[in-house]
Every structure is written in structure tokens, then in C-alpha cells.
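Subject: The structure, and what turned up in it

Hello,

Here is the structure I promised to pass on. Have a look at it first, and then read on for my notes.

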Amino acid sequence: MDFAEIRKKAIAGWKDLVSSKTPVIYLGAATCGRAAGIEAVAEEIRKISKELSLNIRLVEVGCIGPCYLEPLIYIQKNGYPSVCYGKITPRKIKKLLEDYLINNDPRPDLALGTLGDGQINGIPGLFEHPMLKYQTRLVLRNCGIIDPEQIDHYIARYGYLGIKKALGMSPSEVIDEVKTSGIRGRGGAGFPTWKKWEICHNVQSDDKYLICNADEGDPGAFMNRSLLEGDPHAVLEGLLIGAYAIGANHGYIYIRAEYPLAIKRLEHAISQMKSYNLLGNNILGSDFSFDIKIKKGAGAFVCGEETALIASVMGKRGMPMPRPPFPAISGVWGKPTIINNVETLGTLATIIRRGGEWFAGFGSKFSKGTKTFSLVGKVKRTGLIEIPLGTPLKTIIFDIGGGTSGDKKFKAVQTGGPSGGCIPAELISLPVDYESLMSAYSIMGSGGMIVLDEDTCVVDIASYFLSFIQAESCGKCSPCRIGTKVMLDILEKIKSGKGEMADIDKLISLAKTIKKASLCGLGQTAPNSVLSTLRYFRSEYEAHIIDKSCPALVCKDLIKYTISKEKCAGCGICREKCPAGAITGKKKKAHIINESLCVKCGICYQVCPAKYGAVEKKTGFLT
Amino acid sequence: MKNTIKNIIKPYQDEKGSLIPILQAVQEKTGFISEDAVSAIALELKMSEHEIYGVATFYTQFRYTKPGDHMVKVCLGTACHVRGGEQLLDRTETILNIKPGQTTPDSAFSLERVACMGCCALAPVIVVDNKIYPNVTVPKVEKIISKKE
Ligand SMILES: Cc1cc2nc3c(=O)[nH]c(=O)nc-3n(C[C@H](O)[C@H](O)[C@H](O)COP(=O)(O)O)c2cc1C
Ligand code: SF4
Ligand code: SF4
Ligand code: FES
Ligand code: FES
């Protein structure tokens, strides 16, 4: 079969699905959906369909983004758009199926929105939902829509037309198109993609490597996982295009072992590509040949760094190397090697297919296109989003995210992972693009966005990141290996109430040295979390040092739990649950906590019924 | 052990730099990297044992003692951290009476801390035997673990 025939068959199959006479239920079955219990829901649907003799087609899809509403399902009835429902449980599903599939009531009260052509009375379009309304979905266009295990679904929706078009262009023309698009690396550093490619393209070599960096080590970020789980072919097509442009004949996907579902999806997708001659020799009948292998990471954050990743691919300890030589000239086995992030690659097919100029129409002056973010932390609507670069933080956190969870005061947003910083509430109007985030002493990074509210302690956050970095430092350079440890010790000291004002200066001077004298990006950015929190939240550090208090009530050594005599109803729940036996009291009488036994686990605070709210946290009692 | 290792190595024979996937396959099959396994790999790949340990110990994935029947992982990624992951770890340590990296004396449980399972939107999470439990609270930890006992 040639590609035109493959495509015709795929489109027919897709039409058959979306206009299916039999009802179709799409299940959000990415990792989050599974964690939230979609498999139990699917099981229940199978059972009910037998009981009620309903004929139902079940299709697993990836994630459309509003993870906080998981498990998500979409029910599609012949002639209607599909209707999306959130927080579905096995218990709820039966009634819903009866109501909609048998009695024709789509339950607008439960529906989140419709997806696809057409309307249903009383149900808005899903893209009117506040979480989706402000988004522009280019990379994520198929996520949550198609079955990621069906290459035909991808092909029916313009898949592999990008590489088809690229193969009709010269490699230099492809690089030019990417240049026009203005896309910069989505993996963190924001280096123009075309520039790296051109260097590699211009090197003569029989073997060249293109590696997809799917290490996604930034804790709190899952954009790459979601894309690989929801639309693996988009990334694989990007690899083909990149390989053709630079002249690579070998490809690797370096993916962290913590993502078993994404690995499974990739393996499956790669075998499907082979059967369609989209991989291997003479791809789509051209002179271009390329193969892709999957390499699983083994748990080392520093292996996201290019030279460390290359060492790891070659089976060595993942230690960074000084440059030059740059990987584009000498990388894996000494051959020219380009490393691109999952999202960068995932965008390429659309860029080539629709043109660089079209893509450059999105975004801001120096930051073109869209970017995905994982919106998490203390925010109401958590999930995966994609927005045009230049969108203000305010839109992201308040319009898309719905503000902080529990309506606590918004304090800051952390971007850029361990290499980034905390942007305070005052800067909420800041547009999110490479330059603006830098000007606010943070970075875009790979797209983790962690919302912090007044209950988050910035000293704790800084020490959290530093302890992460300290544990992940490969140990090659002493400023990174030892310097981060010394900084961490100082932060621990401050957190325990033993800090002195001179410690702040020490932190700053250590930070400067570590940034200057470290070899790789990990060390060079290690102190950023401390520097940015010191810049914007110095008074909070001072509260820990001078008043021995943690205003956010987080640092264990500076807080204690007490029970309010007035509020305690003596229900005894906390007494039962306290693992330390620290709570005493008679039924219906105010209880008390024995401070010397309390291990500050916080259980009593969590289990005390909200209507009493009798357990209190206190700080500032040490001075 | 020698034969097990031979079989594991076979598919990687022609590929240079395959030590890490080989170690991963060994751990998958036998649960951990034993001294015997390292000797056998060394023999097959014609490398020194030191070299193998050098690579293996760089990566946190590899274990050198037999893990318990159930693996409990508490996520301490950023999203889980700000939503109380630390308290979950404290609680799990108390319930199992072990620290991360350890196994209970009856070999029932091993405990590990991990930095992000990619399920951050449902933070905090803990993972027991590869099943992810979302939105965990401190009181829930006990229920999740006691189900396994
Ligand atoms: C310590 C460290 C960790 C990194 N981790 C990742 C990662 O997990 N994923 C990623 O794509 N890039 C990561 N990077 C950036 C990569 O080294 C590299 O710049 C990127 O993959 C290039 O792709 P891009 O140009 O498409 O962004 C990391 C860099 C450093 C210094
Ligand atoms: S800066 Fe740190 S992580 Fe990077 S090479 Fe040096 S010691 Fe290793
Ligand atoms: S914080 Fe924990 S140990 Fe302390 S009194 Fe409350 S439940 Fe008991
Ligand atoms: S809903 Fe699953 S990744 Fe978001
Ligand atoms: S931070 Fe815990 S799953 Fe990502």
C-alpha cells in the first residue's frame, strides 16, 4: 500500500468511528486517568452493557488536560457530538448510561461540554469550559481525541503529511522553514531549533544521531509524558523530520523509566510505523532511511543534560562533559548528535505542514508559537494546558486555573523546576515567554508551573529544590557537589530556627560561586531557587531567623499543634487517629495535645471535622 | 545465574554500550542486582566488576538487596511536596517502621521516595506495586497500606 492508500483507509476508518451507529464511549486513559480509576469505570461499562444489552464501542484516548476532573469519559451517540463527563465513578456510570443511551437524556447537569460537530441543547461546547477556553492547542491537538495506539487515527488527522511534505523539500529548505517558524527548544534552554540543526547539517559524517529527550526529570512536570501517551506519533513524526533535516540515520528516544505507559505507547507506535514504511529503509519510497531505538533512563536527573545523556546512551555513568566539542559535532560514539525535547519534536510536523509563517503568527515577539505547561500545586483546576507564548500569568492561574485551591491567598508561582525561581504575586501580569520570565529571575524551563499559596513557605521551597539538586549533582565539580551541600545545611539551619542574619550573605556568596564555577547547567542554575526567593521574599527568611517563626506554618521545628478549648467538641476523632498517643481527653470534653509526645504529623489537623476546626497550628512561640 | 544472565544478554549482544539496559533487564527479572549477577555480567561483557558497579551505582534505579513483596513509593516531586508529600512519607515511615531504601524485617514491604511519577495534577500521590493512588491524605496512608498486609 502506498501512503495515499493508507491515508484513504485511515480517513474512512476515522469517519466510521465519529459517525458510528453504535454509541462510542471514549475513556481518558492516560496515567492520571488510570490513577483516578478509569479502568474500574471501563469494567463497569462492560458489565452494564451486557446487562442492558447495549452495544457500545469503547475507545481509549489520552488526556485532554483537565486532570482534576479525572476520570473523564466522552459518550458519542449517532448523529450527536460526544458529551464529556468528569469525575465518573463506577457507581455513577450506570444511571448515566441508562439516562443517555436508553432514555435520550444527555444529563446536561453532569456534562462538562460537547466535543465535535453539532450541538446538544443545554450543553456548551467543551472548549467553552474555562480550563480550555484560553488555550490554543497545536501540539496537544490530538491528545484526548484519538486512540494513541491507532496509527490510522493519527494519519486520518493529517498525520505524517509533515514528513511527506518535508521529503519533497531539501534538508536546507526544511531548516529554513523551521527558522521562519521561530520555534525555540522546549526542553529548557530555549535555543533556536534551526540553529542547532544547521550546525549538524553542515558536518559531513556517515552516521549522525538524533535523540529525543524524554527524560522529563523536572519534578512537578508531566507535559512530555502526556504528549507521548496521548499522541506518540506526533513526536515520532517530528523525529523523522528532524533526522531528515540534519541527515541523521539513527534515532534514540531517551525516556525515564518512571513512564511505563508512555514507553509502551512508543514501542507500539514504532512497530506500526515500520509496517507502513514510515521507518527503516527508504521511508515512503524516498532515499531517506532512519531507525529509532528506545533507551530507558535509570533515574538520574543530570542525564537530561545533553552531554550526560550522551554518556548514558553509551552505557556509562551520566557525567556531563566540557564543551567544545559540541554534541552537534561530536556526540554519541563521536558522531554528530542533536538532542531535542519531546515537545519541540511534537510541534515540528504541524510547522512543516502548515508553514513556519503560520506558526510564527502565534506567540510574542521573540517567543513564537505555543507552549504546554503542567499547572499544578495549590490551584483549583490542575492539569495540562497549552497557551500561546506571551499569555499573562494572570490568565493562566486565575482564568484557566481558577485561582488557588481553597481560596487561600495566591503567593507565587514556581517555574522552571529546580533551575527556575518563584515569581511573586506582584508580578501576576507578567507575560509568559522566555524573555519575560528571565527578567523576573526565573526561567521558562520545560513547563512546570507550580502554584504556591499563603500556606507554602518559600524557605521550605528553596531548600526542597536545593536538596533535590544536591542529591542529583553528579559530583564532578566541587562547587556543585560541596557548595550545594553547604547551602542546604544553612537553609536547614534557618528552617530549624537556628539561623543568623549573616547566613543570608553566606548563601548569596556561595550562590555566586556555584553559578560561575560549575560545569553544567545543573550546577550553574542550582542556586536559582534560593536567589529568587531571597529577592522577593527576604522578609520571610528574616522571620525564620529573627522571630524564629514560619509565617506559612510549614517548618516543623517552628510550629506546634494545639487544640482550641473553645472549638473542641470532644468528638475524639483526633485522639483515635494520633499515631503518637499524644492526645488525651474525655468524650465531649475539650481534648489536649501533649507537646512532648507530638511528632507533628499533622493528622489531627486533617481529621478534625471542618465544622469544629479545633486543631490549630501556631508559630512564633520560641522568642 | 550464569545461564539467566546469558539469556538476558543475548538480545543485546551486537549492540555496544548496552550495560544499562542489561542491568535493567536483570533487575526486572530477579528483583535486584546481586553480586552473582554482576560477576556473570562481567564475564559475559568482558568488563571488570568495578566498572559495572561504577555505572550501576550512578543510577538510583538499581537495588542491591532483595526488595520486599510490596514496593511502596512516596512521591516527593514539587507538586506532591507542596501538597503535603513529606507528611505522607513521615506517616509511611512510622507505619512500616523503616526509612526510604529499606525493607521490613519480614520482607513484606520496601519503601522508596521518588521524584515525580508524572501524575502531579492529582498530587500528592503514593505508588504501591505500580498502582498510583491519587490525592492521598495522611489518614488514607494507613488504609492503602493495610490493604496489602
Ligand atoms: C540538569 C539538566 C536537566 C535537563 N533535563 C531535561 C529534560 O528532562 N528534558 C529535556 O528535554 N531537556 C532537559 N534539559 C535540557 C537539555 O539538556 C537540552 O537542552 C534539551 O533537551 C534540548 O532540546 P530542545 O532544544 O528541543 O529544548 C536539561 C538540562 C540540564 C542542565
Ligand atoms: S555542575 Fe554539578 S552536575 Fe554538572 S557536571 Fe558539575 S558536579 Fe556534575
Ligand atoms: S500532629 Fe500528629 S502526633 Fe501531633 S497531636 Fe496531632 S496527630 Fe498527634
Ligand atoms: S487528565 Fe491525564 S494527564 Fe491530564
Ligand atoms: S510531583 Fe508527585 S507526581 Fe509529579
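A word on residue classes before anything else: Ala, Val, Leu, Ile, Met, Phe, Trp, Tyr, Cys and Pro count as nonpolar, Asp, Glu, Lys and Arg as charged, and the others, Gly among them, as polar. By that scheme, the residues of the shell around ligand 1 divide into seven nonpolar, twelve polar and five charged.

Please keep in mind that this is a predicted model, in which local features need pLDDT of at least 70 and side-chain atom pairs count only at pLDDT 80 or more, while totals for chains, interfaces and linings use all residues. Residues are numbered from 1 along each chain as its sequence is written, and chains are lettered from A and ligands numbered from 1 in the order in which they are written.

The chain as a whole

Chain A contains 25 helices and 18 strands; these are DSSP runs numbered from the N terminus, helices being H or I with at least four residues and strands E with at least two. Its radius of gyration, taken over C-alpha atoms, is 27 Å, close to the 25 Å that the globule rule gives for 623 residues, so chain A is as compact as a globular protein of that length. The globule rule is 2.2 Å times the number of residues to the power 0.38. Along the principal axes, the C-alpha trace of chain A spans about 80 × 70 × 40 Å.

Of the 623 residues of chain A, 54% count as buried, meaning that 20 or more other C-beta atoms, placed from the backbone, lie within 10 Å of the residue's own. Two residues are in contact if their C-beta atoms lie within 7 Å. Among contacts in chain A between residues at least 6 apart in sequence, 72% join residues at least 24 apart.

The ligands

A residue is counted around a ligand if its C-beta atom lies within 6 Å of it. Ligand 1 has 24 residues around it, the closest being A:Gly185, A:Gly187, A:Gly304, A:Asn341 and A:Gly521. S9 and H21 of chain A are the elements that give two or more residues to this shell, and S9(A) has the largest share, with three residues.

Two sheets

Strands pair if DSSP finds at least two bridges between them. One open sheet has four strands in the order S8-S7-S6-S9 (chain A), with parallel pairing. Strand S8 (291-296) and strand S9 (337-341) of chain A stand at the edges, each with a single partner strand, so one side of each is left without a neighbour in the sheet. The twist averages 20° from one strand to the next; angles run from 0 to 180 degrees between N-to-C directions, with axes fitted to C-alpha atoms. Strand S6 (residues 209-214) of chain A is joined to S9(A) by five bridges, and A:Tyr209 stands opposite A:Thr337 in S9(A).

Another open sheet, of five strands, has the order S2-S1-S3-S4-S5 (chain A) and mixed pairing. Its edge strands are strand S2 (57-61) and S5 of chain A, each pairing on one side only. Four of the five residues of strand S5 (residues 111-115) of chain A are buried, so S5 is largely enclosed by the rest of the structure. Four bridges join S5(A) to strand S4 (residues 82-85) of chain A in antiparallel fashion, with A:Cys84 opposite A:Gly113 in S5(A).

Where chain A meets chain B

Which element supplies the largest share of the side of chain A that touches chain B? First, the totals: 44 residues of chain A are in contact with 38 residues of chain B. The largest share on the chain A side, four residues, comes from H2(A). By class, that side has 22 nonpolar, 15 polar and seven charged residues.

Conventions. A residue is buried if 20 or more other C-beta atoms lie within 10 Å of its own, exposed if 12 or fewer, and partly exposed in between; C-beta atoms are placed from the backbone.
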